[in-house]
Amino acid sequence: MVYRAYAREAPVPQPLAFSHRTHSGENAIPCLYCHAYARLGPAAGVPSVERCVGCHITAAKDHVDVVKLMEHWEKKEPIRWVRVHHLPEYVRFNHKRHVVAGVQCQVCHGEVQRMDAAVQVSDMTMGWCLSCHEERGASIDCLTCHY
Ligand code: HEC
Ligand code: HEC
Ligand code: HEC
Ligand code: HEC
Ligand code: HEC
């Protein structure tokens with residue numbers, strides 16, 4: 001089965017109303033504070049409940065979704081965030097290489113700091129990868145991206 005990645009316009013429903021606009025827009029929390037693995041390895045990762053609680057012991061603690069967050073913390077239950085982006089499994093992608101090369105998150109993910117839940121804005125097809133690789137002199141060898 002070929003599993004293609006398509007641009008989505010509507011946010012996927014998430015278990016908790018997390019807003020990038022509140023956190024990275026209004027409160028200027030850096031992307032890497034929550035997606036720390038993006039500069040360390042292939043996947044960017046989503047933050048643990050513990051990371052959220054570090055601030056929410058005090059911040060907005062009466063908000064209904066923060067109350068939900070604290071319930072997860074008390075029960076030691078991870079939040080099951082629904083994955084937005086999916087590349088087919090035969091494609092090799094690595095955040096670290098891009099982040100270290102200075103490609104901003106927004107070039108590939110759009111103005112996330114203006115979104116509530118994250119939405120996929122690039123189609124993430126092979127043509128999309130290749131056109132930037134050609135433009136920036138990165139490798140276009142098949143085996144760079146395919147196993
Ligand atoms: C306070 C923590 C926090 C900060 C700061 C943050 N994020 Fe997120 N991010 C999350 C959480 C939680 C999710 C899962 C919910 C969702 O998809 O919206 C997520 C999801 C995402 C996704 C979708 C991942 C997927 O499922 O495919 C992208 C892309 C993303 N963030 C990019 C960014 C960028 C770019 C920034 C900086 C502008 C940023 N994030 C800042 C917590 C954070
Ligand atoms: C060169 C383009 C590019 C850049 C730059 C980039 N991403 Fe991604 N990101 C992707 C692609 C492609 C995927 C889907 C990967 C997959 O499905 O295997 C993805 C997936 C994600 C995910 C969800 C899956 C995961 O990897 O855990 C998060 C969260 C995310 N990116 C956050 C970020 C953040 C934060 C930054 C900046 C620090 C960033 N990305 C920079 C292309 C990019
Ligand atoms: C670095 C500190 C910090 C971290 C980490 C953090 N938050 Fe927040 N959060 C805030 C601040 C500041 C506000 C805004 C508070 C206000 O306006 O009174 C906020 C607001 C919220 C709200 C209320 C709704 C809104 O958008 O105003 C929710 C829900 C929330 N955060 C969930 C989360 C979740 C889930 C995580 C972990 C994925 C998280 N937060 C991580 C600082 C943080
Ligand atoms: C910079 C990364 C990159 C390079 C280099 C690359 N590909 Fe791809 N390729 C992708 C991505 C991402 C997909 C999945 C998205 C899609 O189908 O467009 C893909 C999909 C494919 C598919 C499946 C297409 C389909 O419609 O099912 C084939 C076949 C393929 N690539 C062959 C190649 C060959 C042959 C080369 C060398 C000439 C190559 N790729 C080089 C990223 C790349
Ligand atoms: C906006 C520009 C841009 C986009 C889009 C982009 N890349 Fe890249 N990519 C780069 C740059 C620049 C480098 C070179 C980094 C370096 O020199 O270390 C790179 C390097 C890589 C590498 C490491 C190459 C090596 O020599 O080991 C892989 C793997 C890769 N990209 C895969 C992908 C895939 C798969 C996609 C699409 C899903 C993609 N990239 C989309 C800019 C981009």
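This is a short chat about the ligand sites in a predicted model.

Colleague: What should I know before I start?
Modeller: The model is predicted, so local features need pLDDT of at least 70 and side-chain atom pairs 80 or more, while totals for chains, interfaces and linings use all residues. Residues are numbered from 1 along each chain as its sequence is written, chains are lettered from A and ligands numbered from 1 in the order in which they are written, and side-chain values use heavy atoms, with hydrogens and water left out.

Colleague: Which residues coordinate the iron atom of ligand 3?
Modeller: His23 and His56 do, each through NE2, at 1.9 to 2.0 Å. Donors are N, O and S atoms within 2.8 Å of the metal (3.2 Å for Na, K and Ca).

Colleague: Where do His23 and His56 sit in the chain?
Modeller: His23 is in helix H1 and His56 in helix H3 (residues 49-56), 33 residues apart. Helices are DSSP runs (H or I, at least four residues).

Colleague: Is His56 buried or exposed?
Modeller: His56 counts as buried, at 13% relative accessibility. His23 is at 22%, so His23 counts as partly exposed. Buried means under 20% relative accessible area, exposed over 50%, partly exposed in between (1.4 Å probe, protein chains only).

Colleague: New topic. What lies 2.7 Å from an oxygen atom of ligand 1?
Modeller: A backbone N or O atom of Val84. A side-chain N or O atom of His85 is 2.6 Å from an oxygen atom of ligand 1. For Ala118, a backbone N or O atom lies 2.9 Å from a ligand 1 oxygen.

Key:
A polar contact is a pair of N or O atoms within 3.5 Å; within protein, one must be able to donate a hydrogen and the other to accept it, and residues adjacent in sequence count only if both atoms are side-chain atoms. Helices (H or I, at least four residues) and strands (E, at least two) are DSSP runs, numbered from the N terminus.
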